[in-house]
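Biologist: I would like a close look at one part of this model. Please keep it brisk and give the cut-offs as you go.

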2 protein chains.
Amino acid sequence: MVVNAMERIMIDLLYEYMTALQMTCTCEECLNDVLALVLNRVQPRYVTNPEKVAYVKAEFVDKQQMTTLIVNLAECAKMVSDMPRCENYVRGEK
Amino acid sequence: MVVNAMERIMIDLLYEYMTALQMTCTCEECLNDVLALVLNRVQPRYVTNPEKVAYVKAEFVDKQQMTTLIVNLAECAKMVSDMPRCENYVRGEK
C-alpha cells in the first residue's frame, strides 16, 4: 500500500482555509474538483506507510514551501469557483 | 474522493513486467518501495472518480508515453533490487 502524503496535507489545508478561499460552492463534488486540480500541480510525495505522512508534513513547516502550497490551492479553488461543475450549478445553467 | 490514476496504471505495469524486471526480491514491501519511487517520478493524474481512471489509461496507448513509464519503472525496480530494504535482506546484512 502506497499513499501520496500530499493528499492528506492538501485535504487538511483545504478545510483549514475553507472560509478564506470564499468558494462559490463547497459541496463534496466541488471540493474534490479542487483537490484533484491541486494534486495534479504539486510534486507527489508517495510513502509506503500512512504513518510516514507525518515526516512529509514536517517538511512543510518551512514557511516558503507552505505558502507555495496555499497559493496553488487558492488558484485551484478559484478555477472551480469560477466554473463549478456540480449538479446544482450545471443544472442552473440550462 | 480523489484518486491518482497513475497508481492503478503503475500497479498494472509492475505486475505485467514483473518477470522482465528481474527483481532481487518481490515481497510486498519491495514492490511498494518500487511503486512509491516511480509514482514520485511521474506526473500525477488525479481524477475525482475511480471510473475515470480508464480515460487516463487510454492516453497511454501512445507507445512513446507508455515506454517512458516502463523506463521509469525499470529504473526504480533496479534501485530497489540493488538495495532491498525488506526484513529478510536488512536482517541478512547484519
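Biologist: In which helix of chain B is the place of Thr68(B)?

Modeller: Thr68(B) lies in helix 5 of chain B, residues 63-82. Helices (H or I, at least four residues) and strands (E, at least two) are DSSP runs, numbered from the N terminus. This is a predicted model, in which local features need pLDDT of at least 70, side-chain atom pairs count only at pLDDT 80 or more, and totals for chains, interfaces and linings use all residues. Residues are numbered from 1 along each chain as its sequence is written, chains are lettered from A and ligands numbered from 1 in the order in which they are written, and side-chain values use heavy atoms, with hydrogens and water left out.

Thr68(B) has a relative accessible area of 40%, so it is partly exposed. Buried means under 20%, exposed over 50%, and partly exposed in between (1.4 Å probe, protein chains only). Val42(B) is 26 residues away in sequence, yet the two C-alpha atoms are 9.2 Å apart.

Now another helix pair in chain B. Helix 1 (residues 5-16) and helix 3 (residues 28-41) of chain B have axes that come within 10 Å and cross at roughly 130 degrees. Axes are lines fitted to C-alpha atoms, for helices over the stretch in contact, and angles run from 0 to 180 degrees between N-to-C directions. Helix 1 of chain B is therefore oblique to helix 3 of chain B. Angles under 35 degrees count as roughly parallel, over 145 as roughly antiparallel, 65 to 115 as roughly perpendicular, and the rest as oblique.

Helix 1 of chain B brings Met6(B), Glu7(B), Met10(B), Ile11(B), Leu14(B) and Tyr15(B) to the contact. Helix 3 of chain B supplies Leu31(B), Val34(B), Leu35(B), Val38(B) and Leu39(B). Contact means heavy atoms within 4.5 Å. By class, 10 of these contact residues are nonpolar, none polar and one charged. Here Ala, Val, Leu, Ile, Met, Phe, Trp, Tyr, Cys and Pro count as nonpolar, Asp, Glu, Lys and Arg as charged, and the others, Gly among them, as polar.

Next, the two copies. A rotation of 180 degrees, with 0.0 Å of shift along its axis, superposes chain B on chain A at an RMSD of 0.0 Å. That is the relation of a two-fold axis. Pro44(B) comes closest to the rotation axis of the residues of chain B, at 3.4 Å (C-alpha).

Conventions: Least-squares fit on C-alpha atoms with pLDDT ≥ 70 in both.
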